[in-house]
Amino acid sequence: MTRRHYFIQGGGRGLGLALVERLLARDERAQVIVAVRAPESAEPLRRLIEREGEERVQIVALDLTDESSIAAARRHVGELTERLDLLMTCAGLLHDDSGLWPEKRLADIDPANLARSFAVNATGPLLMIKHFHDLLTHGDRAVIASLSARVGSISDNGRGGWYAYRASKAAQNQFTRTAAIELRRHSKQLICVGLHPGTVDTGLSEPFQHNVPAKQLQSAATAADHLLDVIAKLSPEDSGQVFDWAGEVIAP
């Protein structure tokens, strides 16, 4: 049985972990390599390895805000496989315990928070493409995807606010588009896209769920299945675009 190799950055919890679990459930040929910042504390992944075996699940250390860590993870992955069928970057930063919070007014803007948002939401996914793309330019169909957000659409911005998150996601989408153009020169079958998962019941959305109708709040497992369905239907002509969880293109 020929293995299919999937690499999920940020697969230790939330939607990233659900994607790992759903890939294993949906594809008996799957070998999923999961990157987390602290492998020693990734207990859900340890339990997955106990259940599925190391031939199906591997963990590597990767800090998305540290390029040397990304480069080291690339070397580690290269020791495990010569090719990938899917590279997915799942990290996202909207708020944290150190004071970063979506801005409502210009007065709320903090340059340090802007820089941190860009480091995780935009620069990090681009560095993942920089260091890992050679594992996907093998000539067969392969997908590079990163979790984006509808609020990164400039044309869809009718409410304002959320300066750091909106701008960093818009930058991420531009990076995706630009990389897709370059990568097409290396492999016609490589697809590079952004994916908006909708509102998912995770820590990222938890403080804002009171504004979300119950039917629009998805479990992590449901959102993972939706995204994997979208990925399965992508063609090379879709490269460079951003899609929502239902497979609809999000305007720039």
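Reader: What should I know before I start?

Author: Residues are numbered from 1 along each chain as its sequence is written, and side-chain values use heavy atoms, with hydrogens and water left out. In this predicted model, local features need pLDDT of at least 70 and side-chain atom pairs count only at pLDDT 80 or more, while totals for chains, interfaces and linings use all residues.

Reader: At what angle do the axes of α3 and α4 cross?

Author: Axes are lines fitted to C-alpha atoms, for helices over the stretch in contact, and angles run from 0 to 180 degrees between N-to-C directions. Here the axes of α3 (residues 67-80) and α4 (residues 111-132) come within 10 Å and cross at roughly 40°. The two helices are therefore oblique to each other; angles under 35 degrees count as roughly parallel, over 145 as roughly antiparallel, 65 to 115 as roughly perpendicular and the rest as oblique.

Reader: Which residues make the contact?

Author: Contact means heavy atoms within 4.5 Å. From α3 come Glu67, Ile70, Ala71, Ala73, Arg74 and Val77, and from α4 come Leu127, Met128, Lys130, His131 and Phe132.

Reader: Where is Trp162, and is it buried or partly exposed?

Author: Buried means under 20% relative accessible area, exposed over 50%, and partly exposed in between (1.4 Å probe, protein chains only). Trp162 sits in the loop between β5 (142-147) and α5 (163-184). With a relative accessible area of 26%, Trp162 is partly exposed. Its phi is near 55°, a positive value in a residue other than glycine.

Reader: Which residues of α1 are buried?

Author: Among them are Leu15, Gly16, Leu17 and Leu24.

Technical notes
Helix = DSSP H or I, 4+ residues; strand = E, 2+ residues; numbered from the N terminus.
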